[in-house]
Amino acid sequence: MPDEPRNLAILDEDVQFVITSGADAVRQGLNRALGVPPLSLLSREDRSTAEIVLAEVFNNIVEHAYAGRDGSIRVWLSLDDCGLTCRIEDEGRPMPGGQAPAGRPPEPQDLPEGGFGWHLIRSLSTGLSYQRVGAVNRLCFSLPAERSGA
Amino acid sequence: MQLKSAMNGSTLVIRVADDRIDAAGAIQFKERMRDLIQVPCDRVILDLSNVHFLDSSGLGAVVAVMKLLAPDRKLELACLTPTVEKVFRLTRMDSIFTIHPALAEGLRNAG
């Protein structure tokens, strides 16, 4: 069972799972999440997309929102006919300028070693929105989930 | 971060034994690679057949290694699995590397 979030926000549905902020915890949490519904129900291609996007979102929270501090990442994933709806919350620093970065991809010829993350997130997701709600960062987006032929 | 290296003629082949190059392991990957590429060689091929996931940190680390080898030696990649290939393609960083579908082909043909 996931731990209780440390700051009790009023949640309208159960938290899907909670990851402790940290690169190793993100790796383990993501691996566990991929093995259970709803992620385990996705096609291989869609699961690959979800792994990429969630890894980038979680890593951004660890590195920038919490910037090395302790904290938790709360994740809700909901699968329906429209796709996989994702909501990720943390209590780290707000995004600069109150907006999620545009994610303009760096130019390959410049041999960039970073700056790829938001481009990957935005290219693979739809309906991305960021809100600062009190002390909480809330990022919502949808990921593809092809219908399993019913 | 487990890396296994072997010389094939004058080509250094480094196989990544870990199944991910991600934020948790990118720095160790870079450091291990920096040690392994000290050997004299004309080419370096990074065999990624065992790597099923690579995130932006992993990609950055691979680029960093490429820059360490430059200008005298090129970093070539082999055996990209689907998710890894997707990350290289979406970022267009696949245009920067010589990528071999299979190691045998990479060893036959200079990049």
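Author: Start with B:Arg89, which is partly exposed, its relative accessible area being 39%. The model is a predicted one. The side chain of B:Arg89 meets that of B:Glu85 in a salt bridge, 3.1 Å from N to O. B:Glu85 is likewise partly exposed, at 31% relative accessibility. Both residues belong to helix H3 of chain B and sit four residues apart, about one turn of the helix. An α-helix has 3.6 residues a turn, so residues three or four places apart point the same way.

The rest of this helix is the part to look at. In H3(B), the buried residues are B:Thr83, B:Val84, B:Lys86, B:Val87 and B:Phe88. What do the buried residues of H3(B) pack against? On the side of chain A, they pack against helix H2 (44-65) and helix H3 (117-124). Within chain B, they pack against strand E5 (53-54), H2 and strand E6 (74-78). After H3(B) comes B:Arg92, with a positive phi near 60°.

That leads to the interface. Contacts between the chains involve 25 residues of chain B and 24 residues of chain A. The two chains bury about 2,200 Å² between them, and 60% of that is on carbon and sulfur atoms. B:Ser56, B:Lys86 and B:Leu90 supply 24% of the area that chain B buries against chain A, more than any other three residues. B:Lys86 is also one of the buried residues of H3(B).

Next, the polar side of the interface. Between chain B and chain A there are 11 residue pairs in polar contact, counting pairs with both residues at pLDDT 80 or more. Helix H2 (56-69) and helix H3 (82-90) of chain B each supply at least two residues of the side that touches chain A. H2(B) gives the most to that side, with eight residues. By class, the side of chain B that touches chain A holds 11 nonpolar, seven polar and seven charged residues.

Salt bridges between chain B and chain A number five. In one of them, A:Glu113 pairs with B:Lys67, and their closest N and O atoms are 2.8 Å apart. This pair joins two chains, because A:Glu113 lies in the loop between strand E3 (83-90) and H3 of chain A while B:Lys67 lies in helix H2 of chain B. A:Glu113 is partly exposed, at 37% relative accessibility, and B:Lys67 is partly exposed as well, at 33%.

A second salt bridge links the side chains of A:Arg27 and B:Asp22, at 2.8 Å from N to O. B:Asp22 also meets B:Arg20 in a salt bridge, at 2.9 Å. Both B:Arg20 and B:Asp22 are buried.

In helix H1 (residues 26-36), B:Ala26, B:Phe29, B:Met33 and B:Leu36 are buried. Seen down the axis of H1(B), its buried residues fall within an arc of 85°, so they line one face of the helix. Their cover includes strand E1 (3-8), strand E2 (11-16), strand E3 (20-21), strand E4 (43-47) and H2 of chain B.

Last, the partner. Chain A has three helices and five strands, in the order β-α-α-β-β-α-β-β from the N terminus. Of its 150 residues, 47% count as buried.

Key:
Residues numbered from 1 in each chain as written. Chains lettered and ligands numbered in written order. Predicted model: local features only at pLDDT ≥ 70, side-chain atom pairs only at ≥ 80, totals over all residues. Heavy atoms only, no water. Contact = heavy atoms within 4.5 Å. Buried area = accessible area lost by both parts, 1.4 Å probe. Salt bridge = Lys/Arg side-chain N within 4 Å of Asp/Glu carboxyl O. Polar contact = N/O pair within 3.5 Å; in protein donor to acceptor, adjacent residues only side chain to side chain. Nonpolar A, V, L, I, M, F, W, Y, C, P; charged D, E, K, R; others polar. Buried < 20%, exposed > 50% of the residue type's maximum accessible area, 1.4 Å probe, protein only. Arc of directions from axis to C-beta.
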